[in-house]
Amino acid sequence: MNREEINGFLIDTFNQYSLKEEATQGICPLCSSNRQPKNSKKQCASYDWERGLGTCHNCNTTFQLHTYQRKGASEKVYERPEVVDVNLLIQTKVEEWFKTRGISKSTLLAVGVGEGKEFMPQTGRKENTIQFNYYMGDQLINIKYRDGRKNFKLYKGAEKIFYNIDSIIGYDSCVIVEGEMDVLALHEAGIKNVISVPNGATLNSNNLDYLDNCIDYLEDKTKIILAVDADEPGLALRQEFVRRLGAEVCFLIDFKDCKDANEYLLEHGTDELKKAVDTATQVPLEGVSTLFDIEDELKDFVKTGLSRVTKLDLKTLIRFFLLILSILLLLPVFLVLVSLTLLIRWLLVTTISMVGKLRLLHQRITQRISTLIN
Ligand SMILES: [Zn+2]
């Protein structure tokens, strides 16, 4: 058993729950203490020390056996929030609010959500805020503050990374969502290997700094499930992820009538949310989508050409110009082909008539010779 590192990640705390070392079966650090006394010693979990993961068959979830140090620190120097700022004591009011969103206190404690007063530029004063702590290894890298009016801010000048990035070490797969609330929702459903983008999705300029800062964590994944919002910015972000991570490892979740994981949790419950993740489908391969793109483009072109001739915009003009240009370029090729066909036809006709004439001549000569002999 390697006590130093797993898959290139240096172990920070070996065996963080003090489980029975080298055993392959044992208690579950998440549920055993909450079970009835007669069941609390049951070996409901299996431990995989090679991968650093445990799986519980009672609470139907997985957990990491160790904690890890940060892998691949960035060269740029960033501001860091002081760990003193972090207050993990969730007051009852905040706890109650999370409950209305389907999130339990144990999830808040497990993921390390805090709360406290913070100056919010949107309101110009200090507000009570929920604080999502962005850890990487044992380092607090950033904090996302959220006040009661749904205003957000990140710690000024701090590095941008995925939220909950440590959670995916050791797993072959992970889920990427668009907000911290969705991380908590999936955690609630027993899916622990889930991370969130730090700054939501925007339509045009999806700044993916955080992906570069965390790329070491995603390199070994064979399945990356993209569960971003089903709106236009979400789809743009999804497309950018597929481009950067490769279509072959990317999978998509269908949240049906819901816009995100948290809404799906509230509508359908934890079991259905887990099922939605388990049945994620692979992103269609690039070639296929490109073909459809072209087909759509052509349809659009014909449509705009027919219906919007009067209000030609620059794009349509350029397309029109390109069409004319391609016709002009193709015209000489067409002419050459026609002339070649005509030439071949002429050659064939001439050859056939020549052969006919020669045959006639041959006949006449034979006749002449035979009359001469006779
Ligand atoms: Zn368990």
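How many of the nine residues of helix α1 (residues 92-100) are buried?

1. The number is zero, so helix α1 lies largely in the open. This holds for a predicted model, and the points below should be read with that in mind. Beyond the helix comes Gly102, a residue with a positive phi near 80° that follows α1.

2. Gly102 itself sits in the loop between α1 and α2 (105-111), and there the surroundings are of another kind, because 21 C-beta neighbours inside 10 Å make Gly102 count as buried. Leaving out residues up to four places away in sequence, Gly102 touches Ala185, Glu188, Leu265 and Leu266. The separation from Leu266 is 164 residues in sequence, while the C-alpha atoms of Gly102 and Leu266 are 6.2 Å apart in space. Of the residues that Gly102 touches, Ala185 and Glu188 are listed among the buried residues of helix α3, which is taken up next.

3. Helix α3 (residues 180-188) is mostly covered, with nine of its nine residues buried. The buried set includes the charged-named positions Glu180, Asp182 and Glu188 as well as Met181, Val183, Leu184 and Leu186. After α3 comes Gly190, and its phi is positive, near 90°.

4. How does α3 lie against helix α7 (residues 261-278), and at what angle do they pack? The angle is about 50°, and the two axes are 9 Å apart; α3 and α7 are therefore oblique to each other, given that an angle has to be under 35 degrees to count as roughly parallel and from 65 to 115 to count as roughly perpendicular. The crossing in which α3 passes α7 is right-handed.

5. The contact between these helices can be set out residue by residue: Met181, Asp182, Ala185, Leu186 and Glu188 come from α3, and they meet Ala261, Asn262, Leu265, Thr270, Leu273 and Val277 of α7. By class, seven residues of this contact are nonpolar, two are polar and two are charged.

6. As for the division of the chain, the domain assignment gives domain 1 (5-64) and domain 2 (70-283), and the centres of the two, taken over C-alpha atoms, are separated by 24 Å. Where they meet, 14 residues of domain 1 are in contact with nine residues of domain 2. On the domain 1 side of that contact, strands β2 (9-13) and β6 (61-64) each supply at least two residues, and β6 gives the most, with four. The residues of this side comprise five nonpolar, seven polar and two charged.

7. Two residues other than glycine deserve a check of their backbone, since most residues other than glycine have a negative phi. Glu22 has a positive phi near 70°; its place is in the loop between β2 and β3 (25-26), and Glu22 is exposed, with 9 other C-beta atoms within 10 Å. Asn60 likewise has a positive phi, near 55°, and is found in the loop between β5 (53-56) and β6, where Asn60 is partly exposed, with 14 other C-beta atoms within 10 Å.

8. Apart from neighbours within four places in sequence, Ile27 is in contact with Ser32, Lys41, Gln43, Cys44 and Ala45. Lys42 lies 15 residues from Ile27 in sequence, and their C-alpha atoms are 6.1 Å apart in space.

9. Met120 belongs to strand β8 (residues 113-120) and counts as buried, because it has 20 C-beta neighbours inside 10 Å, and 20 is the number at which a residue begins to count as buried. Its contacts, not counting residues up to four places away in sequence, are Glu127, Tyr145, Asp147, Asn151 and Lys153. Between Met120 and Thr62 there are 58 residues of separation in sequence and 37 Å in space, C-alpha to C-alpha.

Technical notes
Residues are numbered from 1 along each chain as its sequence is written. This is a predicted model: local features need pLDDT of at least 70, side-chain atom pairs count only at pLDDT 80 or more; totals for chains, interfaces and linings use all residues. Domain bounds come from an automatic or database domain assignment. Two residues are in contact if their C-beta atoms, placed from the backbone, lie within 7 Å. A residue is buried if 20 or more other C-beta atoms lie within 10 Å of its own, exposed if 12 or fewer, and partly exposed in between; C-beta atoms are placed from the backbone. Axes are lines fitted to C-alpha atoms, for helices over the stretch in contact, and angles run from 0 to 180 degrees between N-to-C directions. Angles under 35 degrees count as roughly parallel, over 145 as roughly antiparallel, 65 to 115 as roughly perpendicular and the rest as oblique. A crossing is left-handed if the near helix is turned anticlockwise from the far one by less than a right angle, and right-handed if clockwise.
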